[in-house]
Amino acid sequence: MDDFLIFALIGFMAQLVDGALGMAFGVLSTTSLLAFGVPPATASAVTHVTEIFTTAASGTSHIVHRNVNWRLVARLAPAGMIGGAAGAFILSNVDGKFIEPFVSAYLAGIGFYILFKAIGPLWPREVKDRIVPWIGAGGGLLDAMGGGGWGPIVTGSLIGRGHAPRQVIGSTNLTEFLVTSVISATFILSLGWSELSSASGLILGGVIAAPLGGFLVSRIPTRPLMIGVGIIIVVTSIPRIF
């Protein structure tokens with residue numbers, strides 16, 4: 001019961017941050033599970049099974065609050081699902097921890113770039129980037145292999161390229177439901193369901209917090225939101241480089 005309550009609290013706090021900033025649930029949850037001695041592949045699998053429920057609730061909340069750009073979802077989802085399945089398969093069969101410092105260095109760079117842009121003029125634009133599907137594929141691949149990263153990679157990259165933060169956060173939260181469902185299915189087929197017993201506490205805490213994210217992001221001004229996104233990426237990435 002103590003472990004269940006601890007995991008429920010972790011899920012609640014991680015999802016509250018993720019729903020408001022469009023990132024960090026996977027990183028925070030996976031890091032916490034690793035601290036409890038859960039193996040990397042199992043930690044990533046538990047996190048993604050939990051995210052099926054939290055991203056469904058969070059995505060619904062963002063739809064209700066009109067934070068979703070459906071064109072962006074349509075461009076991100078297919079590539080993200082393919083990349084996620086590939087990453088889950090690789091992590092289930094090969095130790096992917098050796099790439100973590102390189103991924104974290106990239107994420108820290110994205111975080112500093114967003115902070116730099118937050119102090120200058122903002123130029124939101126329509127979604128016309130040809131690179132969007134590639135960002136989705138890379139985000140899905142690294143998210144599955146690292147137990148987190150969809151939000152920092154996809155949300156961070158799209159905001160860094162000039163897209164409106166509110167719609168990016170809502171769209172990537174909704175798309176993450178599709179991506180994490182594919183990742184979870186791949187992990188279950190590779191590892192089996194018995195390895196995922198830690199998910200119940202994270203699910204409860206995350207689902208309780210998920211509806212609050214859409215409410216917060218629809219009411220936080222763009223510039224403070226970008227600063228918050230940048231800080232979260234930098235703070236969670238730099239320690240993982242070492």
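Author: Leaving aside residues up to four places away in sequence, Phe215 touches Ser61 and His65. In this predicted model, Phe215 belongs to helix H9, which spans residues 199-217. Ser58 lies 157 residues from Phe215 along the chain, yet the C-alpha atoms of the two are separated by 9.9 Å. Phe215 has a relative accessible area of 40% and is therefore partly exposed, since that class lies between the limits of 20% and 50%.

A second site concerns the packing of two helices. Two packed helices are described by the angle between their axes and the distance between the axes. For helix H6 (residues 132-146) and helix H7 (residues 150-160), the angle is about 160 degrees and the axes are 8 Å apart. Because angles over 145 degrees count as roughly antiparallel, H6 and H7 are roughly antiparallel to each other. Their crossing is right-handed. On the H6 side, the contact is made by Val132, Ile135, Gly136, Gly138, Gly139, Gly140, Leu142 and Asp143; these meet Trp150, Ile153, Val154, Ser157 and Leu158 of H7.

A word on confidence is in order. The mean pLDDT of the protein is 79, with 86% of its residues reaching 70 or more. Where pLDDT is low, the predicted coordinates should not be read in detail.

Key. Residues are numbered from 1 along each chain as its sequence is written. This is a predicted model: local features need pLDDT of at least 70, side-chain atom pairs count only at pLDDT 80 or more; totals for chains, interfaces and linings use all residues. Side-chain values use heavy atoms; hydrogens and water are left out. Axes are lines fitted to C-alpha atoms, for helices over the stretch in contact, and angles run from 0 to 180 degrees between N-to-C directions. Helices (H or I, at least four residues) and strands (E, at least two) are DSSP runs, numbered from the N terminus. Angles under 35 degrees count as roughly parallel, over 145 as roughly antiparallel, 65 to 115 as roughly perpendicular and the rest as oblique. A crossing is left-handed if the near helix is turned anticlockwise from the far one by less than a right angle, and right-handed if clockwise. Contact means heavy atoms within 4.5 Å. pLDDT is the predictor's confidence in each residue, from 0 to 100. Buried means under 20% relative accessible area, exposed over 50%, partly exposed in between (1.4 Å probe, protein chains only).
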